[in-house]
Amino acid sequence: MIYLDYSATTPVNKEVIASYTTACEKFIGNPNSLHRLGVEAKEVIDASTKQIANILNIKTSEIIYTSGASESNNTAIKGIALKYANRGKHIISTELEHSSIIGPLNYLLSLGYEVDFVSLKDNGEIDLEELENLIRDDTILVSISSVNSEIGIKQPIKEISNIIRKHPKCFFHCDMTQSVGKEKIDLSLVDLASFSAQKFYGMKGIGILYKREGLNIEPLIHGGKSTTIYRSGTPALPLVVSIAKALRLAYEDFSNKYKQVEEMNKYLREKMSKLDVHINSPINAIPHILNFSLINIKAETMLHALEKDDIFISTQTACAVGDYSRAVYAITKDKERSSSSMRVSISHLTTKEEIDTFISSLEKNIKELKR
Amino acid sequence: MKVIKITAVWCGTCLIMNKTWNKVLKEKNIETISLDYDMDEEEVQGYQVGKKLPVFIFMNNNQEIKRVVGEHSYEDMLKIVSDLENE
């Protein structure tokens, strides 16, 4: 089996599974219980939170555990919108965002909020000048992801942050789901950031919302105090232990792993450039993602053809089934190309042999399906 | 004339078109029935909607007179409505 869909989700690291099962077996108490088992459980959660805070260079009080990036994104967007509605109801985002950003924005639109999308330049980066012009006195939030999941386009987070910082009443939320574990990140540039463990060899069902100290949000889930007041529910101790472990492992030997991915990306690009496909990911995209479009072949047909050879990549049909990809269209301005795009996503685990096998299968299937 | 508007909460194009349609409604007084592609699945199926969203179905006396699919500019939508009104 050749797995080239690491941006959809990653296989769980065995050490992470071990930490999870150990935590399940050894710490059975509810961290909110007052007895010894509860106190022990709380100590474990606190130690894990401290470890995460150290890796990300943030305070422990700035970490909100969630069920994943979708919940983090919803909590950030609705949380700010509901808390600061008296200040304004204007939000800025982009058309490159994940459905868990678009979803809450559509919901808020139905509640009378206003949403503007900042335009994209030909290279897929947002138009900074337009962003500056779009921010109004009643703009309460700008939500822009650091890396687009389809093409791997990186946004200039520092420059965006500099613009937003000129407006103290406007907050910056960044969906960093495709960045954490893949890139070095700087949370001091944002007010809120979302990510989930399943993208960096952690378990499904646990994510984090970073919320800068001093910033208030309305919780989505009300109830008793958990690890924070912003998200109720019994703290998921084994999952918290596992995300701390996964994060530590993701940034261990980071430079070498990143270099390896860069080399594999270069190798993959070279091989792909000889095939009858268009490469959509710009050269400055993160090396983990390579998006391409087929010519006169449906992406879904190719996905299943590759699947028969035990190779797994993803089609990219934006959020609208069967529609064209807005992200690919944004940089290609070509609807044909945007409706037949596919994504290969690699990791430090990807080998040259795997890429060779994928390329052979892709080449063979292009010939067969074009007949 | 009334409009059946079919959108999905996760759809970016729908967000843009919801904004556009709200702007049109400031100019034109048209009854709009909003359906959610996922939540109102049964009703949506009755309109034989394909895979592309959003869908605006213009109805007159319970008869479909025009269908608009996907992203269109405010000017286009306003012209479509004006043309239908003048028919």
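This is a predicted model: local features need pLDDT of at least 70, side-chain atom pairs count only at pLDDT 80 or more; totals for chains, interfaces and linings use all residues.
1. Two residues are in contact here if their C-beta atoms, placed from the backbone, lie within 7 Å.

2. Start where the two chains meet. Chain A puts 15 residues into the contact and chain B puts in twelve residues. On the chain A side, the most comes from helix α4 (residues 99–110), with seven residues. Sorted by class, the side of chain A that touches chain B has eight nonpolar, four polar and three charged residues.

3. Now look at what α4(A) does across that boundary. Its axis and the axis of helix α1 (residues 12–27) of chain B come within 9 Å, crossing at roughly 20 degrees. Angles under 35 degrees count as roughly parallel, and α4(A) and α1(B) are therefore roughly parallel to each other. Their crossing is left-handed.

4. Which residues do the meeting between α4(A) and α1(B)? From α4(A) come A:Ile102, A:Leu105, A:Asn106 and A:Leu109, and they meet B:Gly12, B:Cys14, B:Leu15, B:Asn18 and B:Lys19 in α1(B). That contact of α4(A) with α1(B) comprises five nonpolar, three polar and one charged residues.

5. Inside chain A there's another helix pair to check. Helix α2 (residues 36–56) and helix α7 (residues 237–250) of chain A have axes that come within 9 Å and cross at roughly 25 degrees. By the under 35 degrees cut-off, α2(A) and α7(A) are therefore roughly parallel to each other. The crossing of α2(A) and α7(A) is left-handed.

6. If you want to find this contact by eye, the α2(A) side is A:Ala41, A:Val44, A:Ile45, A:Ser48, A:Gln51, A:Ile52 and A:Ile55. Facing them in α7(A) are A:Leu237, A:Val240, A:Val241, A:Ala244, A:Leu247 and A:Arg248. By class, the contact of α2(A) with α7(A) splits into ten nonpolar, two polar and one charged.

7. Last stop: helix α6 (residues 157–164) of chain A. Its buried residues are A:Ile157, A:Ile160 and A:Ile164.

Note on methods:
Residues are numbered from 1 along each chain as its sequence is written. Chains are lettered from A and ligands numbered from 1 in the order in which they are written. Axes are lines fitted to C-alpha atoms, for helices over the stretch in contact, and angles run from 0 to 180 degrees between N-to-C directions. Helices (H or I, at least four residues) and strands (E, at least two) are DSSP runs, numbered from the N terminus. Angles under 35 degrees count as roughly parallel, over 145 as roughly antiparallel, 65 to 115 as roughly perpendicular and the rest as oblique. A crossing is left-handed if the near helix is turned anticlockwise from the far one by less than a right angle, and right-handed if clockwise. Ala, Val, Leu, Ile, Met, Phe, Trp, Tyr, Cys and Pro count as nonpolar, Asp, Glu, Lys and Arg as charged, and the others, Gly among them, as polar. A residue is buried if 20 or more other C-beta atoms lie within 10 Å of its own, exposed if 12 or fewer, and partly exposed in between; C-beta atoms are placed from the backbone.
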